[in-house]
There are 2 protein chains.
Amino acid sequence: MARYGKRDDLIVHELEPFNVETCSAALAEDAVTATDAFYVRGHGAVPEVDPREWHLRVHGLVERELTLSLSTLREAFRERTETATLQCAGNRRAGLIAIRDIPGEAPWGAGATGTATWTGVALADVLALAGPLPRAAHVGFEGADLCPEARPQQRFGGSVPLDKACRPEVLLAWAMNGEPLTPVHGAPLRVVVPGYIGARSVKWLDRIEVRSTPWQGYFQHVVYRLLPEDGSVGPGEGMPLGLVALNSDVLSPPDGSTVDAGPVELRGYAFAGGERHVARVDVSLDGGASWVQAELLDDHGRWAWRHWRVSVDLAPGEHEVVVRAWDSSAATQPEDEAALWNPKGYVNNARPRIRLHAV
Amino acid sequence: MARYGKRDDLIVHELEPFNVETCSAALAEDAVTATDAFYVRGHGAVPEVDPREWHLRVHGLVERELTLSLSTLREAFRERTETATLQCAGNRRAGLIAIRDIPGEAPWGAGATGTATWTGVALADVLALAGPLPRAAHVGFEGADLCPEARPQQRFGGSVPLDKACRPEVLLAWAMNGEPLTPVHGAPLRVVVPGYIGARSVKWLDRIEVRSTPWQGYFQHVVYRLLPEDGSVGPGEGMPLGLVALNSDVLSPPDGSTVDAGPVELRGYAFAGGERHVARVDVSLDGGASWVQAELLDDHGRWAWRHWRVSVDLAPGEHEVVVRAWDSSAATQPEDEAALWNPKGYVNNARPRIRLHAV
């Protein structure tokens, strides 16, 4: 599958709009995910943007409006690089669909996530030049991608609180893993909001609106909201998602695989989300009655997940592995996936379970 | 009980050091807890500090050391007021002790928490005057209270990351609920670190040390750490607590009480902790099979809990009420209290349950 430069081991949910997820084996290769393996979640066709014609408009509750070309952005502000994990709010929806169907939503597995090194400028520096007015409280982003599913049809967008927008980790990025951003990942410029659901890292960015209220567009005011189990989608219904949830997965060996009995190395990731970090990862072979602690591997900074590994001794037979990550507030993942079911299938962060057959 | 000006309906765990918790009825009175009902958690005798002799020393990794009198603090910096909830990491330990004993630790109920309006100056403003050096990464606080339980014996202390210390909500406070701080609450000056466990809001503060590493004293490096179920207390063992956990409680009617059948109003609190806010509170009368949403009451700002209320219809008979709060990352409280047991009995934030008898 050469489409958009992606490897052929990605799992395709949809070709138009293009939606593909990364397989566990590819996520296991490195804590920084290769660009050609990185998941893509889009709501519209990949727009064709001519970088020479492109401008970023900054307006709304600001002292002065800005219209910035790519070369001005690159020359007038300090370049910054940040390694950050992105995770779609619909990651692991398949686990919820297995409990009760969610019509119209793609059955994403656990690969709607990945970690990359992003290069660009701090949104904070651009906002400082524009000068937010006292009433400013949110910063909205709009991309060039027209999304047929939205009612009314509109371009993709969303906002984050001004307080977050002014933190140094929020980037306007033109490069991913040291290479220019590819069209499918938002070229020429995208937002990267570490610690937030992927939907806030708006691609093909061309408009920043400083506002007094959160984004009122479809992708924040109607969807990407957590409804109660018996709730219905509608403007302002449910709670807006924003901070991404604590999550983890087993990346190797693959679920359902056959391994040699004896010592087996398990590897996976854990991701704290928000402004938290991963404090501990536990693994259980007896359904949670007892736990061993995994070793946390390379630390790529406070916005990146942690890969982990642990060696367990497997007697011949069937085994179920359960994992729970803990964040720096001593919160851990929910036990019961069924209790997380919601009408749009967001935020499945239940403790992951895989089955292994040891011979 | 006139001791330290506290009301006589507080629950006394220890007289020396003085440790008292607030009863549910007092917490239900107002979202801002009265000072004479506010819980006290101390590890040493209340020190006698003469405010005329008292000075605050700021030293360590700073460009210039400071020695500030109370009058200089009040005159040289802008006064700020913040409503913030404090919660002890040992709150609700009694629920864990009921599962398995925790020798040597007081069986705190759900009243080791409260919300007050604090007045003082921003720690950030004082740090800006001192000028943290590039290697600075943590800000340590030490009180005047000598704590016999510590090994070696030492004054109470702890630290928070420099990043948090520079946020405007962290106060050096001399007033609580509009009155001068009382001796038992830390007069003449205490730290208030909203969103962190109560132990970081060091009372009787007289030394601030800007450091490259977290506090190495007993109350951060040995205790106030979450151990695995089979872990043992020791220097650096377990994960340091810091950000306080999402929690909630039913404040009225009291657990075990008899009420009139028919519509019954339930009231309680929910507290998100960290930099999060309460997004939703659900109440179930059928053990979690179905939930109704409670109404969130007055918003006292992002560092205060939310009181909530909901009317439920109770048929004559026995009822169990279960509550779960959700924070702005769509995280909710753990179901299973037993799974939270840990050797020091910290961070019990399981969904609260009360029993009511309707006649």
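Predicted model: local features only at pLDDT ≥ 70, side-chain atom pairs only at ≥ 80, totals over all residues.
Strands here are DSSP runs of E, at least two residues long, and they are numbered from the N terminus.

Let's start with a loop. A:Pro17 sits between β1 (11–14) and β2 (19–21) of chain A. The bond joining A:Glu16 to A:Pro17 is a cis peptide, with omega at about 0°. Chain B gives us another cis case. There, B:Arg151 connects to B:Pro152 through a cis bond, omega near -10°. B:Pro152 also belongs to a loop, the one between β7 (138–147) and β8 (154–161) of chain B.

Now the whole of chain A. How many helices and strands does it have? The count is 6 helices and 23 strands. The radius of gyration is 21 Å, close to the 21 Å from the globule rule for 359 residues, so chain A is as compact as a globular protein of that length. Its C-alpha trace spans about 70 × 45 × 40 Å along the principal axes. Of the 359 residues, 60% count as buried. Take the contacts in chain A with a separation of 6 or more: 69% of them come from residues 24 or more positions apart.

Next, surface and charge. Chain A has an accessible surface of about 13700 Å², and carbon and sulfur atoms hold 50% of that. It carries 35 positive and 47 negative side chains. The centres of those two sets are 5 Å apart.

Two residues in chain A have a positive phi without being glycine. For A:Asn177, phi is about 55°. This residue is in the loop between β9 (171–176) and β10 (179–180). For A:Ala330, phi is about 70°. Its loop runs between β22 (317–327) and β23 (353–358). Buried or exposed? A:Ala330 is buried, because 8% relative accessibility falls under the 20% cut-off.

Over to chain B, strand β9 (171–176). B:Ala173 is in that strand. At 0% relative accessibility, B:Ala173 is buried. Its contacts beyond four places in sequence include B:Trp118, B:Leu181 and B:Arg190. B:Glu79 is 94 residues away in sequence, yet the two C-alphas are 9.4 Å apart.

Last, how the chains relate.

How values were computed: Residues numbered from 1 in each chain as written. Chains lettered and ligands numbered in written order. Heavy atoms only, no water. Helix = DSSP H or I, 4+ residues; strand = E, 2+ residues; numbered from the N terminus. Rg over C-alpha atoms; globule rule 2.2 N^0.38 Å. Buried < 20%, exposed > 50% of the residue type's maximum accessible area, 1.4 Å probe, protein only. Contact = heavy atoms within 4.5 Å. Areas by Shrake-Rupley, 256 points an atom, 1.4 Å probe, with all protein chains shown as cover. Lys, Arg positive; Asp, Glu negative; His and termini not counted. Charge placed at Lys NZ, Arg CZ, Asp CG, Glu CD.
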